[in-house]
Structure formats: structure tokens, C-alpha cells
Amino acid sequence: MRNNPMGKGDSWNRIVCNVMRVTPQALESLATLTSLSTARSGREVLSVAAVGGGGGHSLELCCVLASFLLGAGYNALVVSGCAGRPLCLHEQTRCRPYLPSPPRLQECGARNEEKSGESAQGAKYKVKPRKQFLSKYISSVQQQRENQIKRQLALRREEETKRIAEEEKLPDDELEGQRVHYWVLLLPGDCRPDLKEPLFVEAASGKPYQVSDQNYFTIEYLWNNENFWFCSQTNEREFDLEDNNKWIPLKKPGDAFEIPLSWMDRLEISQKDYQRRYYGEQKETLYLRSKVTKFSDYSRSDGLHMEMVTYSDLNWENVLKISKSFKHREDFLYQSEYDAKTKVIEDFYNNGRGDYIKEHKYSLHTDEEREITFYGQFHPLSLEKIKIYRDSITEEYLENTNERCILKRRMKFVSVSDGKCENTVEWTEEFFTANKRSPKGAQIAKRKYFHLENKIFLTFHKNEDQLTAGYLHFVKPATANGKVEMFHSYVPFKNPIGLQQSDHSGERDEHIFREQLADEIKLLGHAQNLHCEIEKMLKILGAQRQNPGLKVSMFDEERNFEIVSQMKERDEALSAKQMAELLEPVDYTAPILARKGKSKELMSVEQLCKVSEESVNEIRESDAATKKSIEAQLKSLSESLERRITSDQRNQSLLNEREETKNLQLKIDALKTRLTRLNKRM
């Protein structure tokens, strides 16, 4: 590393500009510069940040981070040198935000991996593709055209990449290579085998960098709790601190070197200050075409935890998408995404709601179309999704291969323009799975009701994942006796539903027809109930959107007022009980009576007086023995204290030795207090 070419005064100006974020011209208005030369301790930085006073500059943050890393077993050092503007100013306007994947995306990724693994396992045997008889000349011409199109697309992508890179390029820095900065260096060691090579860490963001990163220009010195090293390298970045040709240590082997301990008191951070996290209860960071705002817990009435806004330009003006994350909500909403182009909102809920809603997708343009997804594995009807359109509703259910169940149901409603009620069902179409334990030919695969035309259309299962080409077509009776007036059947296969040909127009078909009529009545009732349930569900979701409630832990004394009041009442009752026990007179004769096995009620007055004298004599003997023991301890501790004071006066003692002297004095004071109380009682 090269040494700093600037003078001492210029170097000091750079330090102050970087730390205070002020221009060199503003330095003239500062009253005192000497106060900036001493950085605050890590404990002071944390305590001030906890009560809402913000953080610190790069030097203070590096000291805090290095202290934590040293306590975790890492070989951490604080580095001083020159770095680029993005690192010194913590500028991230050309970086993309790092955000953890939402739970729904993690589930989708796991499902895709399972599907890919299943497809890979099932792809052991493949059918050879059919041989294509094509002209070689035509194939070559087509290949040339495809190659030309690929080259054009690649050229366009390259031009677009260059244009975007030029557009996203930061302006030139006038102080390139002159900005003073501090960061943390991690060296591999035996205590932490997970670290294989040296690594730079930015204290403000916690982001790691390689030691060869070009944003770090020079290194002047580094230090930790063991030593201080000056850099004498030119261009290399080698961190063998035992090589004195490249690193000059301040402490030579055998020299005494002690870092002064912190002068701050014990760090106390309340739970409320810890949960606040950010100065002003929120933190806004600008990234490349995006803005991320993080909020403290319980700082927003809607439970908003993080908001990410994506833009189409570099000036953060044209909004493309808004993604919000929530915490502690009673309605279990954890994420909401808004697309500014399509005006579509998607809300995502955790499991635990009474209506089992998982996702809710709707548009701001119209209230007539929306999509609601449920936790089907927990829903009592295994309902997985409801798609609501202007004139139809589609229900999708989870598949159960062991039992015959419905997969999908579509209901078409009559529009209002026809002069009929909007809840009138025009037709209903249902799809069913096949039961493996039942014959396939007798199981309905598809059923369609034409309610206004009085028709029923049935299709049956043939084999696994196959339907029959035949069908049964019923026309509902119009006569009062309820007999089937019209019946159609198309039978391309023999026994399509497992019955004889002569049975298709007999009692068996009429029994099937009666079952469909009974199911149709249930379907019409289900359609009416479904409308009411959807309206009720949407009202609840709208009310929760307007006035969301937040969940508070029973252990949170700052916000759970009911628990706090109960704890206060319990503490008051316990204090009153303890005070009553203290005010109750002490019966000193009880131990003697217990040893003799006698009771006061059965003893005479003379016997009680004799027992009282015995108890008084026993207490005096015990107090005398205790007094003698305390005096012996007091004499021994006083002699030790005198020797400690004499030793402290002869040489400069360390902090831990002064603490021992202080502890001895506290013990002596406690023994004197006990001795005074015994003398008063005796």
C-alpha cells in the first residue's frame, strides 16, 4: 500500500469531512475541532443509538463491530485507509437491495425442485423422436436465418446493456482516492475454521468484500486489542502481520501493551428501545431503481414492517411496483404487493385465520373480478381456490386419489341485462376424480347441468386418467308424475357404465337420473350460500384493511396493559402478605417447645416463664458466637485492606486490582453494619 501523499492538515480535513459529512468551507464555522479527535467508545455508541440519538461514524461503528467479532472468536482488526465514494458515503444507489425470499416463493421453489426431481427420475425411458424428412438445403437456409436472428438479438442486448450501464454510471468523484474511511478486517485463525481467507467487512452495512476489491485504495494502519500495525507495503495486500517488512508493529515482543478499558457504565437497553431499532422509528435507503423503507415494530398502526418501491427510472419517480411486509397483525396478513401498471393487489396471509384464506388477488379497476386462495389441506371442504368473475364463479378443490371427490366446479349466472336475478344459475359444470377401489366405468367424471333448459349431461371414467367417449343425456320431466319423458345415450363402447345394454333405458338409468335431480337442488342452494359467504368474506377483509389490529405478546409489559395490571395487582398482594409476616410478633419459645414436644395450652405459667428464660439465654449465646465470628472476619479483612492500600500506593495498580480493593471495602462495611445491629439487640 502506498502512503498517504497528502499533508497532515489536509488529512485532518478529510477525516472531519468524512465523519461530519460537511464541506471544507464549513470547517471554519466549527468552534472546536479538538473534540472530534477522540471517538466514542463502542458502549457509548450503542447506548446513544438505543435511546434514539442515531449511530456513529465509520470509526465508531468499526470499533463496535470489531468488539462483537472478537467476542465471537474472530481475529478482527480495524483498518484505516482510503476508499471509494460508495463505501465512504454508504451510497447504494447503484446496488440492488438484498431481501430474503417470502415464504410463498420458498414454497414454490421447493415444489419446483420436487417436480424436477420427479421428472428426472421418471425420464429413464423415452420414446425416440420421429425421423424428420427434410431437405438439407432448406434446413441450412433456415439455420442461417435463425443464426442471423440470434446475432441481431445478441447485438441488441449488448447495446441495451451498454446503454443501461452508461445510464447507471455514477458521475466522476473529485476526491477519488482521497476519502478517509474505516472498515473491519477478518483474518483466518484456529478459533474460527469457517473463515478460510482474509475478508473486509463494512461496519455500516455488514456487507463483506474481498480484499482485492477495487473500492479500497490504500491501507495506512490497522489495530485491535493486541497491537497496532503500520502498513509499509506498496501495492500488495498481504496480511502476514508477523512480517516486519510489510507491517511495523507498535508493540515489540516483550513490551507491555494494554488497551484502556471502557469508562462507560453498564449498558442498559430497555425492550422498547431495542424494538425501536431505527432512529426516528424508520430507515429509508435508496437503491438502484428502488427504495426500501424499514419501520420499527409497533411504530405503525397497520403493522407495516418494510416497504419496497420499485421504479422504472433512476430518479425514483415512476412507480412500477410496491411491496409491503407486515408483522404482528391479527388478520395474519404478512405481505401485500401492488402492480402500478395493472392496478392489481395481491395480499398474502399466514395460516391461522378462521376462513382459511391464504391469498387474495383483486383489481382496483373493478370489484367484480377477484381470486381467493385457501389453505386447502386445512379447509373442511378441501377448498383450494375461488375465482370470481362478472357472471361466473369457479371453485377448485384438492385432489384425493383414495376417494371420489370433486376437483372443480364452474357456475355461470344469468346477467342482469336479461331481466332476471343475478343469482340465477344458468348452468353448472363439475369435474370429479375416480375412486381406485371402485369400478371406473360406473363413476361420473364430468357432470353439467343446464338449469334453464332442464338438461343434464354426464360423462364417466373409463380407465386411469381416461374418460369414456360415451355419455348419458337426460331431459328433466315436465309432467306431474315425474317420469323421464326424454332420454339420450351415446354408447360407442360395450358396457360404458358397467351395465347391460338393455339396462340403459330401465330402472338403473332412472335411479341415476333421480340422484342427479337431488344433487341439482343441493347445487342451487350451494350457489345461493356461496354468494352470501363471499360477500361476508369480502366485508371482513375490507374491515380488516381499514382497521387492522395488532397482536401483542403476553410477555410485552410495555404494550400489554392487561397483563401489566394483573402483575401489579399480584405484586401488591405479595408485598402486603410479606409486610404482614414482618409485622407479626416472633415467638422465640417455639423452637424450645418443639424440641420438648409440648404445647403452650397444656403448660402452666411457671413452666412458660422457665421456657422464656431458656430461649433468651439461647439467643444471647447465639448472638455472642455470631459477634465473635464477625469480629474475626472483620479483623482479617481489615488487615487485607491495609496491605492492598499500601500496595496500591507503591505502584500504579490496574483496574481489576482496584476493583478487588473496592470489593474488600464493601465486605468490611457490611460486617460493621451486622455488628452494630447485634450490639443493639444485645
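Which residues form one aromatic cluster? I looked this up and found Trp183, Phe200, Tyr209, Tyr216, Phe239 and Trp247.

I note that this is a predicted model, in which local features need pLDDT of at least 70 and side-chain atom pairs count only at pLDDT 80 or more, while totals for chains, interfaces and linings use all residues. Residues are numbered from 1 along each chain as its sequence is written, and side-chain values use heavy atoms, with hydrogens and water left out.

**Sheet.** I traced an open sheet of seven strands in the order β4-β3-β2-β1-β5-β6-β7, with antiparallel pairing; its edge strands, each pairing on one side only, are β4 (208-209) and β7 (247-249). I took helices (H or I, at least four residues) and strands (E, at least two) as DSSP runs numbered from the N terminus, and two strands as paired if DSSP finds at least two bridges between them. Strand β3 (residues 199-201) pairs with β4 in the antiparallel sense over two bridges, and Val201 stands opposite Pro208 in β4.

**Aromatic pairs.** I searched the whole structure and recorded 13 aromatic pairs, counting rings of Phe, Tyr and Trp (its six-membered ring) whose centres lie within 6.5 Å, with planes under 30 degrees apart called stacked, over 60 edge-to-face and the rest tilted. Tyr221, at 22% relative accessibility, is partly exposed, and Phe230, with a relative accessible area of 36%, is partly exposed; buried means under 20%, exposed over 50% and partly exposed in between, with a 1.4 Å probe and protein chains only.

**Cores.** Which residues touch the most other members of the largest nonpolar core? Of its 32 residues, I found that Ile357, Phe374 and Ile386 do; such a core is a set of buried Ala, Val, Leu, Ile, Met, Phe, Trp, Tyr and Cys residues joined through side-chain atoms within 4.5 Å. The largest share of this core, nine residues, comes from α8, which I located at 507-546. Leaving aside neighbours within four places in sequence, I listed the contacts of Ile357 (heavy atoms within 4.5 Å), and they include Ile372, Phe374, Met537 and Leu541. Apart from this core lies another, of 19 residues, among them Leu87, Phe200, Tyr216 and Ile219.
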